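Trainee: Could you take me through this structure? I have not looked at it before.

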Amino acid sequence: MKLDVLALFPEIIIPALQTGILKRIQDIGGLTINVYNLRDWATDRHKSVDDYPYGGGAGMILKPEPLFAAVKTLNTTSDANVVFLTPQGSPLTQSLVEAMSLETHIILICGRYKGIDERVRQQIVTTEISIGDYVLSGGEIAALVLIDAIGRVLPGALGDFESAHEDSFSQDLLDHPHYTRPAVYEGMEVPQVLLSGHHENIKKWRQVEALKRTAQCRPDLLQNLELSDEELNILNTPKNGS
Ligand code: SAM
């Protein structure tokens, strides 16, 4: 997959691409990421990419010319998914991340100030994505969130694919609780089943705990699931009666 990023502040994005899983997936050739400064497509001697809004009001708007020119340069085969990060976009979910991880070329447009000229949205943007119902000062951090989420589900990014497969949201459930050594910490014990070495019982315990945690923290997710009678029973069990 190739990911091109258009940003006014590439320096926010570039350091994060050089560590951890994002570095590994680039090193093994699973993902190519190019971060471009939008000013490279400015045509005046001040390299300006923003201007005042028609109709007046506070804040600047990213001009259409540099964005049209940049996307024209980068989208050589005209088949890239041109994504604008915006609080007005579709909410980013794990299923959207997984669908996007199958694409071959994505161009990410990071807005700034009041946003981008509407004609860019209408003519060249193919997908609009929001990372949540709040407003950031720019799209760079939102782009990083999306890049990280896509990068970690690409084949070879994680040492063990199962660890992504079992994470929260991959099956409309939150992840189960995790413990590591010591077995007793300041009187708090690790559940006995996890020390038993009995793989079937451990698997069962994890499924039950994932279900309970989802019911407790994100009951809305359960609406997407067809729960078995056994699972419904588990959820009706009073907490201290289990
Ligand atoms: N005036 C815009 C609005 O209310 O919809 C907000 C502009 S915001 C200050 C500047 C830029 O940050 C946006 O163009 C977008 O690229 C990015 N941004 C802000 N919040 C975001 C979010 N929740 N998800 C994705 N991008 C966001």
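Predicted model: local features only at pLDDT ≥ 70, side-chain atom pairs only at ≥ 80, totals over all residues.

Trainee: Which residues come nearest to the ligand?

Mentor: They are L85, Q88, G111, K114 and Y134, out of 21 residues around the ligand. A residue counts as near if one of its heavy atoms lies within 4 Å.

Trainee: And which parts of the fold supply that shell?

Mentor: Strand 5 (81-91), strand 7 (127-130) and helix 6 (139-153) each give at least two residues. Strand 5 has the largest share, with 5 residues. Helices (H or I, at least four residues) and strands (E, at least two) are DSSP runs, numbered from the N terminus.

Trainee: What polar backbone atom does L85 place by the ligand, and at what distance?

Mentor: A polar backbone atom of L85 is 2.6 Å from an oxygen atom of the ligand. For K114, a polar backbone atom is 2.9 Å from a ligand nitrogen atom. A backbone N or O atom of T86 is 3.3 Å from a nitrogen atom of the ligand. A polar contact here is a pair of N or O atoms within 3.5 Å.

Trainee: What is the make-up of the shell by class?

Mentor: The shell holds 10 nonpolar, 9 polar and 2 charged residues. Asp, Glu, Lys and Arg count as charged; Ala, Val, Leu, Ile, Met, Phe, Trp, Tyr, Cys and Pro as nonpolar; the others, Gly among them, as polar.

Trainee: Changing topic, how is the protein divided?

Mentor: Into domain 1 (2-151) and domain 2 (171-241), with bounds from an automatic or database domain assignment. Their centres, taken over C-alpha atoms, are 39 Å apart.

Trainee: Where is the cis peptide bond?

Mentor: The cis bond joins R181 and P182, with omega about 10°. P182 is in the loop between helix 7 (161-165) and strand 8 (184-185).

Trainee: What about the phi of K47?

Mentor: K47 is not a glycine, yet its phi is positive, about 55°. K47 sits in the loop between strand 2 (32-37) and strand 3 (50-51).

Methods. Residues numbered from 1 in each chain as written. Heavy atoms only, no water. Polar contact = N/O pair within 3.5 Å; in protein donor to acceptor, adjacent residues only side chain to side chain.
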